[in-house]
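Here's a quick walk through a fold, strand by strand and then helix by helix. Have the viewer open and follow along.

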Amino acid sequence: MSGDAGLPVVAAIQERYGTRAQVSESFGEVTVDVQAGDWLGLLESARSGGYEFFDWLTGVDDPPDGFSVVAHVFDPRSRGHLLLRTRVPREDPRLPSAVGVFRGADWHERETFEMFGVIFEGHPNLVPLLLPDGFEGFPLRKDFVLAARVAKAWPGAKEPGESDHGSPSRRKTLPPGVPADWGRDG
């Protein structure tokens, strides 16, 4: 955070949420963690405290328990930065949509939904944004199997045996979780 610019809003957040808000600082950035039930209230508190610029929102896969949802907001007058964070469980990753507080959250929530599977309840148009129609799975989850090297030979071979031509081959290993017969010609 730039100097003490964000201290008044952080103090107001701590006063409003008490021990339900955990405030930490790392590398000059202040982070406020709350439970999922306090997520919208935290965003509203930050906005009313001058953090009017919504920069970004994303998910972080934190196995085995769930996901963190992180938003970065900025106060253009004080040049203060805040990271706002909450956790949702892996079994039912749901949060209320922040679009009513920050219109700029629309695209970011759609991307986080598509890449991690976090459902933002009340979002005006929570539909896939980047991936092709029919895509299955959530590619930024750590348990998602990247099948590209299994289904198609790697063209940029650096080691002997990594391509289908040339030098002698080593035993080829599959990425974890890929069935032994997947991507192989029968």
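Let's start with β1 (residues 22-26) and β2 (residues 29-33), which pair in the antiparallel sense over five bridges. Two strands count as paired if DSSP finds at least two bridges between them. Helices (H or I, at least four residues) and strands (E, at least two) are DSSP runs, numbered from the N terminus. Ser26 sits opposite Glu29 of β2. Two residues separate the strands of this hairpin, and Phe27 in the turn has a positive phi of about 55 degrees.

A word on ground rules: this is a predicted model, with pLDDT of at least 70 needed for local features and 80 or more for side-chain atom pairs to count, while totals for chains, interfaces and linings use all residues. Residues are numbered from 1 along each chain as its sequence is written, and side-chain values use heavy atoms, leaving out hydrogens and water.

## The sheet as a whole

Now zoom out: five strands make an open sheet with mixed pairing, in the order β1-β2-β5-β4-β3. β1 and β3 are the edge strands, each pairing on one side only. From one strand to the next, the twist averages 25 degrees (axes are lines fitted to C-alpha atoms, for helices over the stretch in contact, and angles run from 0 to 180 degrees between N-to-C directions).

β4 has antiparallel partners in β3, through nine bridges, and in β5, through ten bridges. The β3-β4 hairpin has three residues between its strands. The β4-β5 hairpin has four, and Arg79 takes a positive phi near 60 degrees there. Nine of the ten residues of β4 are buried, so this strand is largely enclosed by the rest of the structure. Buried here means under 20% relative accessible area, exposed means over 50%, and partly exposed is in between (1.4 Å probe, protein chains only).

## Helices on the sheet

Helix α2 (residues 39-48) has Trp39, Gly41, Leu42, Leu43, Ser45 and Ala46 as its buried residues. It lies across β2, β3, β4 and β5, running at about 175 degrees to β5. After α2 comes Gly50, with a positive phi near 105 degrees.

α3 packs on the sheet too, touching β3 and β4, and its direction makes about 10 degrees with that of β3. Ala105 lies in this helix and, at 0% relative accessibility, counts as buried. Leaving aside residues up to four places away in sequence, Ala105 touches Phe54, Ala98 and Val99; contact means heavy atoms within 4.5 Å. Ala105 and Ala71 are 34 residues apart in sequence, with their C-alpha atoms 9.0 Å apart.

## What's in the core

Which residues have the most contacts inside the largest nonpolar core? They are Val32, Trp39, Leu43, Val73, Leu82 and Leu84, out of 32 residues in that core. Two or more residues each come from α1 (7-17), β2, α2, β3 (53-62), β4 (66-75), β5 (80-89) and α3 (105-116). A nonpolar core is a set of buried Ala, Val, Leu, Ile, Met, Phe, Trp, Tyr and Cys residues joined through side-chain atoms within 4.5 Å.

Not counting residues up to four places away in sequence, Val73 touches Ala46, Tyr51, Phe53, Phe54, Gly80, His81, Leu82, Leu84 and Phe102.

## Aromatic pairs

There are four aromatic pairs in the structure. Rings of Phe, Tyr and Trp (its six-membered ring) pair if their centres lie within 6.5 Å; planes under 30 degrees apart count as stacked, over 60 as edge-to-face and the rest as tilted. One of the four pairs is Phe53 with Phe74: the ring centres are 6.4 Å apart and the planes at 90 degrees, so this is an edge-to-face pair. Phe53 lies in β3 and Phe74 in β4, so the pair ties together parts 21 residues apart in sequence. Phe74 is also the bridge partner of Phe53 in β4. Phe53 is partly exposed, with a relative accessible area of 44%.

Phe67 and Phe116 are edge-to-face as well, because their ring centres are 6.3 Å apart and their planes at 70 degrees. Here the pair ties together parts 49 residues apart in sequence, since Phe67 lies in β4 and Phe116 in α3. Both Phe67 and Phe116 are buried.
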